[in-house]
Amino acid sequence: MCDMSRPIHFEIHCDDLDRAKKFYGDVFGWRFEDYGSFTGSPYFGVITGSDDEPGINGGMLLRPVPGGGPGAPVNGAVLTFGSADYDADHDRIIAAGGQVALPKMALTGMAWQGYYLDPEGNVFGIHQPDPDAA
């Protein structure tokens, strides 16, 4: 049994962070915390509800490249999976036909994070908490 299976985090890519935060805050009552000091770039943690309710929290960041408009293919959110052993999970992903989309990086003082493409071209992340990540 693999230690990486449940989604623990999602990310919403945005063209305008303030506009997106206002929208999701107004519609769903989500709260936002500035995590830019961990990521080194604008990034907001998304708090979707209280910890005693089912669900996951996420993040919001600027879109790295222009997104499609109406009629374009799905431009979806990114799920991130928890990892107890980043390197072992990386090896399993590659062996199963996945590809590195963004290599393993330190979220300084928080975790190891990386992104992959599944064989269908979908992006997903893995995240191993580690307060010593640097």
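Leaving aside neighbours within four places in sequence, alanine 101 is in contact (heavy atoms within 4.5 Å) with Tyr115, Tyr116 and Leu117. This is a predicted model, in which local features need pLDDT of at least 70 and side-chain atom pairs count only at pLDDT 80 or more, while totals for chains, interfaces and linings use all residues. Residues are numbered from 1 along each chain as its sequence is written, and side-chain values use heavy atoms, with hydrogens and water left out.

Alanine 101 belongs to strand 6 (residues 99-107), where strands (E, at least two residues) are DSSP runs numbered from the N terminus. Alanine 101 is partly exposed, with a relative accessible area of 39%; buried means under 20%, exposed over 50%, and partly exposed in between, for a 1.4 Å probe and protein chains only. The C-alpha atom of alanine 101 is separated by 9.1 Å from that of glycine 125, which is 24 residues away along the chain.

Several strand pairs, each requiring at least two DSSP bridges, are set out below.

| Strand pair | Sense | Bridges |
|---|---|---|
| Strand 1 (residues 7-14) and strand 5 (residues 78-82) | antiparallel | four bridges |
| Strand 1 and strand 4 (residues 58-62) | parallel | five bridges |
| Strand 5 and strand 8 | parallel | four bridges |
| Strand 7 (residues 111-117) and strand 8 | antiparallel | seven bridges |

Phenylalanine 81 in strand 5 is the bridge partner of proline 7, and phenylalanine 81 also has isoleucine 126 in strand 8 as a bridge partner. Strand 8 (residues 123-129) is largely enclosed by the rest of the structure, because five of its seven residues are buried. Strand 7 and strand 8 form a hairpin with five residues between them, and glycine 121 in the turn has a positive phi of about 90 degrees, while leucine 117 stands opposite valine 123 in strand 8.
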